[in-house]
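Have the sequence and the 3D view open, and take the topics one at a time.

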Amino acid sequence: MKFASRLVSFDPAPGDRFRPISTPIYQTATFEQQHADSFGEYDYSRSGNPTRSVLEKHLATLENGTRGFCFSSGMAAIRTVTGLLRTGDEILADSDLYGGTCRLFSKVIDRNGIIVHYVDARAPEQCEQQITPRTKLVFVESPTNPLLHVIDLRRMAAIAHAHGALLCVDNSTMSPYLQNPLDLGADIVLHSATKFLCGHHDVTAGVIIVKDEALAGQIYFLQNAEGSALGPFDCFLLLRGIKTLKLRLDCQQRNALAIARFLANRKEIKQVYYPGLNEDSGYELQRFQAHGAGSVLSFTTGSVEVSKAIAEHAKFFHITVSFGSVNSSISMPGTMSHASVPPELQAERRLPPDLVRISVGIEDEEDLIGDLDQAIHLAISSQSSQT
Ligand SMILES: *Cc1c(COP(=O)(O)O)cnc(C)c1O
């Protein structure tokens with residue numbers, strides 16, 4: 001079955017005698033048991049809920065894994081993965097990580113004595129140098145957010161496994177439609193389902209998918225023990241959003257490429273970061289390991305003021321953090337989504353202060369390009385009138 005069919009072909013309500021076509025919301029915290037000394041399939045929604053089970057199973061299938069787990073947010077999913085580690089263990093992470101992940105790594109898990117080393121994972125030799133016998137987890141995103149670096153995931157899996165570590169890939173910028181890290185050798189794939197999987201900016205959720213049964217057992221243990229699972233109504237919304245993942249992303253990706261080309265041809269724009277452009281340094285690798293470049297891109301203008309003015313003058317692109325929605329959005333990662341990166345790491349990462357990130361939605365291509373065109377024009381003319 002092709003991906004478009006797989007998105008909508010699943011049993012929405014296993015065992016339900018009314019055969020609904022949409023998954024019912026089992027809005028219940030607990031389930032009555034027949035016997036006082038044994039449990040049925042469900043007993044308590046923290047431990048398992050039928051709406052969540054349908055979603056978790058569906059996501060596991062879409063990522064070519066065996067088990068899926070849904071959490072109250074992407075961060076809760078990432079926190080759960082770090083729960084696999086113990087005091088003294090180390091994480092090797094790519095330095096262009098989501099801001100919230102950096103904050104978790106530097107200010108939360110350090111309390112448990114877990115140490116994180118950062119490398120530029122585009123240079124595998126750096127990873128080879130920094131990995132130690134204490135490294136238990138290698139953690140990367142690809143393409144990264146917000147600089148759209150493309151990381152060689154097969155290579156990262158080989159390096160991690162040669163040193164007895166697990167590879168975890170945050171696949172939020174791609175979704176299971178465009179990239180399947182488990183097929184490339186990753187042990188754990190996770191998503192901020194708040195982004196493309198939901199697609200409508202109305203749910204905060206996270207997902208972990210694995211292949212290995214023992215690993216699945218450990219993740220399930222943490223999900224239940226920590227009480228971080230996603231609620232039934234949010235599971236329902238996510239199930240609904242996922243059905244149109246391919247339709248949305250095909251359109252968003254087409255728009256994104258057109259916009260990237262438009263920006264690359266504008267003299268006011270200094271650099272465009274988008275692995276869908278032939279001239280991008282990640283282009284070949286992206287084509288090799290993914291089925292598309294996605295719909296998140298970023299660019300610089302050479303001036304923080306001009307960048308800020310473009311964001312403020314754009315009308316279709318709303319100033320919001322987050323990405324992956326049917327609506328286009330625009331943000332300045334340095335002061336918004338990545339402001340939670342500790343200052344010493346910000347300097348090390350060399351995140352350009354004039355960086356603008358856009359997430360391209362499903363609006364009409366001409367409207368979006370026209371909007372950016374007028375925003376650039378206004379931004380430049382307001383700059384020159386000030387000087
Ligand atoms: C948004 C995001 C997260 C965090 O997810 P939440 O759902 O906001 O908790 C993690 N990783 C990446 C790449 C993200 O973009």
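Let's begin with a residue hidden from solvent: Ser175 counts as buried because its relative accessibility is 0%. Ser175 sits in helix H7, and its phi is near 75°, a positive value in a residue other than glycine. Please keep in mind that this is a predicted model.

**Two domains**

- The domain assignment divides the protein chain into domain 1 (3-242) and domain 2 (245-386).
- Taken over C-alpha atoms, the centres of domain 1 and domain 2 are 27 Å apart.
- Across the boundary, 44 residues of domain 1 are in contact with 42 residues of domain 2.

**Nonpolar cores**

- As general background, nonpolar side chains in soluble globular proteins tend to be buried together.
- In this model the largest nonpolar core has 33 residues, and those with the most contacts inside it are Leu55, Leu59, Leu197, Leu238, Ile242 and Leu245.
- Two or more residues of this core come from each of these elements: helix H1 (3-8), helix H2 (50-62), helix H7 (175-178), strand E7 (206-210), helix H9 (232-242) and helix H10 (245-264).
- H9 supplies the largest share of this core, with six residues.

- Helix H12 (residues 304-313) packs against helix H14 (residues 365-386) at an angle of about 135°, and their axes are 8 Å apart.
- Is this pair roughly parallel or oblique? H12 and H14 are oblique to each other, because an angle counts as roughly antiparallel only over 145 degrees and as roughly perpendicular only from 65 to 115.
- The H12 and H14 crossing is right-handed.
- On the H12 side the contact uses Glu305, Val306, Ala309, Ile310 and His313. On the H14 side the residues are Asp371, Gln374, Ala375, Ile376, Leu378, Ala379, Ile380, Ser382 and Gln383.
- H14 also meets H10: the axes of H10 and H14 come within 10 Å and cross at roughly 30°.
- H10 and H14 are therefore roughly parallel to each other, since angles under 35 degrees count that way.
- The crossing of H10 and H14 is right-handed.
- In this pair, Asn255, Ala258, Ile259, Phe262 and Leu263 of H10 face Glu365, Leu368, Ile369, Leu372, Asp373 and Ile376 of H14.

**Backbone details to check**

- Ser142 and Pro143 are joined by a cis peptide bond, with omega about -10°. Pro143 is placed in the loop between strand E4 (135-141) and helix H6 (153-162).
- The peptide bond from Asn145 to Pro146 is cis, with omega near 15°. Pro146 is in the loop between E4 and H6.
- His201 is not a glycine, yet its phi is positive, at about 55°. You will find His201 in the loop between strand E6 (188-192) and E7.
- Is His201 buried or partly exposed? With a relative accessible area of 34%, His201 is partly exposed.

**Two residues to look up**

- Thr300 belongs to strand E9 (residues 296-300). Its relative accessible area is 3%, so Thr300 is buried.
- Not counting residues up to four places away in sequence, Thr300 touches Ile269, Lys270, Gln271, Tyr273, Pro352, Asp354 and Leu355.
- Gln27 is in the loop between H1 and H2, and it is exposed because its relative accessible area is 60%.
- Leaving aside neighbours within four places in sequence, Gln27 is in contact with Pro232 and Phe233.
- Gln27 and Asp94 are 67 residues apart along the chain, and their C-alpha atoms are separated by 39 Å.

How values were computed: Residues numbered from 1 in each chain as written. Predicted model: local features only at pLDDT ≥ 70, side-chain atom pairs only at ≥ 80, totals over all residues. Heavy atoms only, no water. Core = buried A, V, L, I, M, F, W, Y, C linked by side-chain atoms within 4.5 Å. Buried < 20%, exposed > 50% of the residue type's maximum accessible area, 1.4 Å probe, protein only. Helix = DSSP H or I, 4+ residues; strand = E, 2+ residues; numbered from the N terminus. Axes fitted to C-alpha atoms, helices over the stretch in contact; angles between N-to-C directions. Left-handed = near helix turned anticlockwise from the far one by under 90°. Contact = heavy atoms within 4.5 Å. Domains from an automatic or database assignment.
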